[in-house]
Amino acid sequence: MTQTPSPSADDIQGLFDRIAPVYDDFNQQLSFGLHQVWKQMAVDWSQAAAGQIGLDVCCGSGDLALLLARRLGQTGQVYGLDFAPAQLAIAQQKATQQIGLAPVQWIEGDALQLPFDDAEFDVVTMAYGLRNLTDVPQGLRELQRVLKPGGRAAVLDFHRPASAWLRQFQQWYLDNVVVTAAQRFDLTAEYAYISPSLDRFPTGQQQVQLAQTAGFADVTFYPVAAGLMGILVMTK
Ligand SMILES: C[S@@+](CC[C@H](N)C(=O)[O-])C[C@H]1O[C@@H](n2cnc3c(N)ncnc32)[C@H](O)[C@@H]1O
């Protein structure tokens, strides 16, 4: 299979800033609302608990950070980090509409060079971010570095299913349904990037190996939605 060249970090940041106004509606429509269920699973499997300090990396418009903030409660603290300011602006606005959450601080920063000390966090989450990083091993090393010993990270992303027909269905859905929906907003190129980014993305087993190499002590990859998605759960 020929692979399209990887975009630069600037390309990725520009892309997510441009799609920010439609990003939430697209996620909701194209996943039939299931992205929220999968994000909640990531929070559950991170074993986040009330009063902890948590970090959501590549937080985008903030859905997972806000679910994490609900779990950590008012005695907890959450940081949401992303390098696309237009996404962070939406996250910030959404946070003001919810009550009973841990306070959330939104930070414009780079997932490959997190602006935090070693061992600051009890729990770290990420949704649909790892696949977008220009250096996946470095992204995993940063998650490991900022976690406290014994802390957990849960990383949700697309995954290529093992079943050939499901793999075909996924490809058809991305190439046709997703890209066609994006055409209405003149965002075809922006959404056409998902499929090649998934082709480059390590498989679940490869993710496990990368996480172990990054220094995580205990790592499990859980296929979700028949392997169309996956959650990588890692303990430091
Ligand atoms: C597909 S979105 C996911 C957003 C959100 N977590 C969600 O699930 O809706 C990927 C996000 O990763 C961010 N991102 C990609 N590379 C990054 C980097 N190196 N540092 C910080 N954010 C990055 C993008 O700006 C974008 O908001």
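1. Basis. Because the model is predicted, local features need pLDDT of at least 70 and side-chain atom pairs count only at pLDDT 80 or more, whereas totals for chains, interfaces and linings use all residues. Numbering starts from 1 along each chain as its sequence is written.

2. Overall form. The chain holds nine helices and seven strands (DSSP runs, numbered from the N terminus: H or I of at least four residues for helices, E of at least two for strands). A compact globule of 236 residues would have a radius of gyration near 18 Å, and the chain agrees with 17 Å (taken over C-alpha atoms; the rule is 2.2 Å times the number of residues to the power 0.38). The C-alpha trace spans about 45 × 40 × 30 Å along its principal axes.

3. Core. The largest nonpolar core has 57 residues, of which A42, V57, A65, L68, V124 and L156 touch the most other members. Helix α3 (residues 63-72) gives the most to this core, namely seven residues. Such a core is a set of buried Ala, Val, Leu, Ile, Met, Phe, Trp, Tyr and Cys residues joined through C-beta atoms within 7 Å; buried means 20 or more other C-beta atoms within 10 Å of the residue's own, with C-beta atoms placed from the backbone.

4. Helix pair. V136, P137 and L140 in α5 meet L210, A211 and T213 in α9 (contact: C-beta atoms, placed from the backbone, within 7 Å). The axes of α5 (residues 136-146) and α9 (residues 204-213) come within 9 Å and cross at roughly 55° (lines fitted to C-alpha atoms over the stretch in contact, with angles from 0 to 180 degrees between N-to-C directions).

Technical notes:
Buried ≥ 20, exposed ≤ 12 C-beta atoms within 10 Å, placed from the backbone. Contact = placed C-beta atoms within 7 Å.
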